[in-house]
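Visitor: I would like to learn how to read a model of protein with DNA. Could you guide me through it slowly?

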2 protein chains.
Amino acid sequence: MLAGWEDIRAEVLRRIRAHDWRPGDTIPTEEALALEFGVARATVNRALRELAEEGVLERRRKAGTRVALHPVRRATLDIPLTRLEIEGRGQAYSYRLLSEEMASPPPAVAARLGLPQGAQMLHLVCLHLADDRPAVLEDRWLNPETLKVQPDFHLVSANEWLLANVPYTTGDISLSAANATADEARLLDLPPGSALFIIDRTTWDRDHPVTCVRLAHVPGFRMRTTV
Amino acid sequence: MLAGWEDIRAEVLRRIRAHDWRPGDTIPTEEALALEFGVARATVNRALRELAEEGVLERRRKAGTRVALHPVRRATLDIPLTRLEIEGRGQAYSYRLLSEEMASPPPAVAARLGLPQGAQMLHLVCLHLADDRPAVLEDRWLNPETLKVQPDFHLVSANEWLLANVPYTTGDISLSAANATADEARLLDLPPGSALFIIDRTTWDRDHPVTCVRLAHVPGFRMRTTV
DNA sequence: GATGTGAATATGTCTGCACATAATAACCGA
DNA sequence: TCGGTTATTATGTGCAGACATATTCACATC
């Protein structure tokens, strides 16, 4: 007997996988399914809503619910702090601040943050190590306006300090691959040109830019997820 | 006045960002918040549940709702078909099957799919092009048992054929970076050692392995998301 | 002090109902 | 035929109440 919304979800998914309902098909209305399964419409709604969020179904008012024609797999990635990422692998985490100075950011960074060209920002470069071997090279630009007090970034990583002290409202993340420059290779103790996994993150607090960071991960780094 | 669950969600998020409620704090119960905001408990529940799914809150029965201590940002990535990805950028898509043969997969692939070492699988190598320039090199191993009829993979890409014809229940995805091998560089028309963005995907239909694919993307490829 | 038991409690979910909203479909007049 | 208005309809969301379930906490027992 089908009772909970998870059972409904599973059954609907089964029918889709089994091609009872094929991509593009309109499936029965919530009301009809509620009747069939002997549950309230809200329960069916919950099940179908979850499937729509996962990209399996497409729903439009009045038009009904259809099996997604182009199943864009929607995967959720967990993006932890570098420290937790490393500790989670059972390795010892350490951290070194390599440089800290006011400077004017490269045009690409200023543009991403929506700041004027000549603006001065705090530029940090630091290295995250796992079992004393370089794991991630962090290159960060900070908007000094968001720093009421200026912490000692030798002691606490910028990321953790920001999380604990600066509110932020939105951010975007981009993932890519890049060959290590000579500098990066030297700092990460890798052959020049090694393929690095790059995470670029930019965050704002409302309209105020906060920070723009590039995390370069050594080869062997993987992000995993399940669908 | 706060009315909908999205308003509740926004207000709770505001309080967290503003550090009214700090990481680790237990926030008021659903009932208390429902009273404060003048809505039903179900509405508060919906708002808090969404925030918990995003990783902002942690909820446990009886223990209550706490602001996540280690804010693992949970980002959702859309992983479209390569064809749609390219067409979505306004480029012309084309596709070439480079090779198709039965062979026994490398141990890593067999292990990932849970197949015995010597098993024969269908091995496809193909190239996806954007505006006639190589964009993605696809290296795929297919379990022949899942192919009732064998389509002509010259005409339709394996990915699209599978989506339309083979049900699947679970899959996992891993993202990484790798230097192009000599072969890959030649096929993608890149200098050897170029940093490729690699998407490895493995899918099963219940317990039956379906396919294991490696998509190597040329430099410049990015996956984006917003948090 | 350690351990097991039971009451208390916050969240998880379901029901049945209502109204809001958006998008389609039907209609009607020029 | 076209264009605009109106009715219809499936989903989106809300409410109040109820019960289920997982923990925690306090208490009793060894």
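Visitor: By class, how many nonpolar, polar and charged residues does the surface near DNA strand D have?

Guide: A residue is near a strand if one of its heavy atoms lies within 4 Å of it; Ala, Val, Leu, Ile, Met, Phe, Trp, Tyr, Cys and Pro count as nonpolar, Asp, Glu, Lys and Arg as charged, and the others, Gly among them, as polar. Here the surface near DNA strand D has eleven charged, six polar and four nonpolar residues. This is a predicted model, in which local features need pLDDT of at least 70, side-chain atom pairs count only at pLDDT 80 or more, and totals for chains, interfaces and linings use all residues. Residues are numbered from 1 along each chain as its sequence is written, chains are lettered from A and ligands numbered from 1 in the order in which they are written, and side-chain values use heavy atoms, with hydrogens and water left out.

Visitor: Which element supplies the largest share of that surface?

Guide: Helices (H or I, at least four residues) and strands (E, at least two) are DSSP runs, numbered from the N terminus. The largest share, three residues, comes from α3(B).

Visitor: Which part of DNA strand D does R41(A) approach?

Guide: A polar contact is a pair of N or O atoms within 3.5 Å. In this model, an N or O atom in the side chain of R41(A) is 2.7 Å from a base oxygen of DNA strand D, and a polar side-chain atom of R41(B) lies 3.2 Å from a base nitrogen. For W5(B), a backbone N or O atom lies 2.5 Å from a phosphate oxygen.

Visitor: What share of the DNA strand D atoms within 4 Å of the protein belongs to sugar or phosphate?

Guide: That share is 74%, and the rest belong to bases.

Key. A polar contact is a pair of N or O atoms within 3.5 Å; within protein, one must be able to donate a hydrogen and the other to accept it, and residues adjacent in sequence count only if both atoms are side-chain atoms.
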